[in-house]
Amino acid sequence: MSLPFDLIDGTLHAEHVSLADLAERFGTPLYVYSRAALEGSYGAYAKACEGRRASVHVAVKANSNLAVLNVFARAGAGFDIVSAGELERALKAGASPAKIVFSGVGKTADEMRTALRIGVKCFNVESIPELDRLNATAGELGLRAPVSLRVNPNVDPKTHPYISTGLKSSKFGVAYDEARATYRSAAQMAHLEVVGIDCHIGSQITEISPYLDAVDKLLELVEQVEADGATIRHIDVGGGLGIRYNDETLPDIGVFVRAILDRIDTRGHGHREVLFEPGRSLVGNAGVLLTRVEYLKPGEVKNFAIVDAAMNDLARPAMYQAYHAIDPVSPRTMSPKVYDIVGPVCESGDWLGRDRSLALEPGDLLAVRSAGAYGFVMSSNYNTRPRAAEIMVDGHQAHVVRARETVEQLLAGETILPA
Ligand SMILES: *Cc1c(COP(=O)(O)O)cnc(C)c1O
């Protein structure tokens, strides 16, 4: 077995557990994660950080299942959160507050209070009004808030426009040209302590060069900000490293991390702590979505394979026209046909894959690959579809790490008007 999800005796397995058995036991649609794969990708980051003050803050939003976060917490990870809900998850998964950074463009005062009381490592702040609010909130609590500005280095990450975040036109971050002045404002606020600088230039980035460009721009700014009297203890280079969905070629995680650390060190900033905030590259290829073919529907123009997973389970194809490889769990020898793999939701956008050559019979199981990141976390109850169960495989064992939702649970919070 080479991959976390590979064929053994003609059937796809997650580590040593057959996906066909999992579908029998737990039903479909079903998210399946591999503990070994999670530990493998985290280990690649951690190993490349060895011997350097550098750390990994797992982006909770990519996959926020408690068991997944707990695997990372046990390995020593920090976390990057974007809401009070994610803060709660990270803590419950065993994170230490001192290893949590709080990102996001719209933090509420309540969220700030919670995070301040808990004592997070740093707030990644994205605007002057947010600095004002954080300063006031910390003041009310008699605390000083550690802050880092999320600066927009205005580099092109060469990825999908929905997931590039570091351009001038983006809602994220402080404009590069305004960053120095914004740091000056922050330095004057009594209840803030400037501790770092941060950026996050996009997602599913397949090249190292945009990061090196971003690092160069950040370091230039660090020098200016320190000339103004502040101290920048850490540089947070954000997340965004891509994964292989189809035929992309990607730098190794270790090569990527070393390239960034080397650039920072050779530019004379080796004394500063470096933070990484990966999401997708940690979890994306550590998960699959298992689904069963309900019907085959041949057509004049297209053949459809209607499966029991839908856009509410995996939104990325509908949302970004994203490609996910789709493989039969038990490949057949008959000759394949070309199918669109679609779900039962009442939307034409409800597809998981297009023009896929597959040999299928009704009842067959399919594994939608690379579903560990932005999969379950983006799922919804559209069409009153209970959300899928999540399983974590660990060697020969399979653990239910989130039970399948029931329709009863979906209706529980709703009431009709009095008679
Ligand atoms: C989404 C996000 C990440 C993680 O991005 P990936 O592409 O999943 O690695 C990291 N930092 C911030 C601020 C984010 O918004």
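How many salt bridges does the structure hold? The structure holds 24 salt bridges, a salt bridge being a side-chain nitrogen of Lys or Arg within 4 Å of a carboxyl oxygen of Asp or Glu. The model is predicted, so that local features need pLDDT of at least 70 and side-chain atom pairs count only at pLDDT 80 or more, whereas totals for chains, interfaces and linings use all residues. Residues are numbered from 1 along each chain as its sequence is written, and side-chain values use heavy atoms, with hydrogens and water left out.

One of the salt bridges joins the side chains of Asp228 and Arg180 (2.9 Å, N to O). This pair links distant parts of the chain, with Asp228 in the loop between H8 and S12 and Arg180 in helix H7, 48 residues apart; helices (H or I, at least four residues) and strands (E, at least two) are DSSP runs, numbered from the N terminus. Asp228 is partly exposed at 34% relative accessibility, and Arg180 is partly exposed at 28%, where buried means under 20% relative accessible area, exposed over 50% and partly exposed in between (1.4 Å probe, protein chains only).

A salt bridge is also formed by Arg385 and Asp313, whose closest N and O atoms are 2.8 Å apart. Arg385 lies in the loop between strand S19 (365–368) and strand S20 (389–394), and Asp313 in the loop between strand S15 (303–307) and helix H11 (316–320), 72 residues away in the chain. Arg385 counts as buried at 15% relative accessibility, and Asp313 is buried with a relative accessible area of 1%. A network of salt bridges links Arg35, Glu39 and Asp394.
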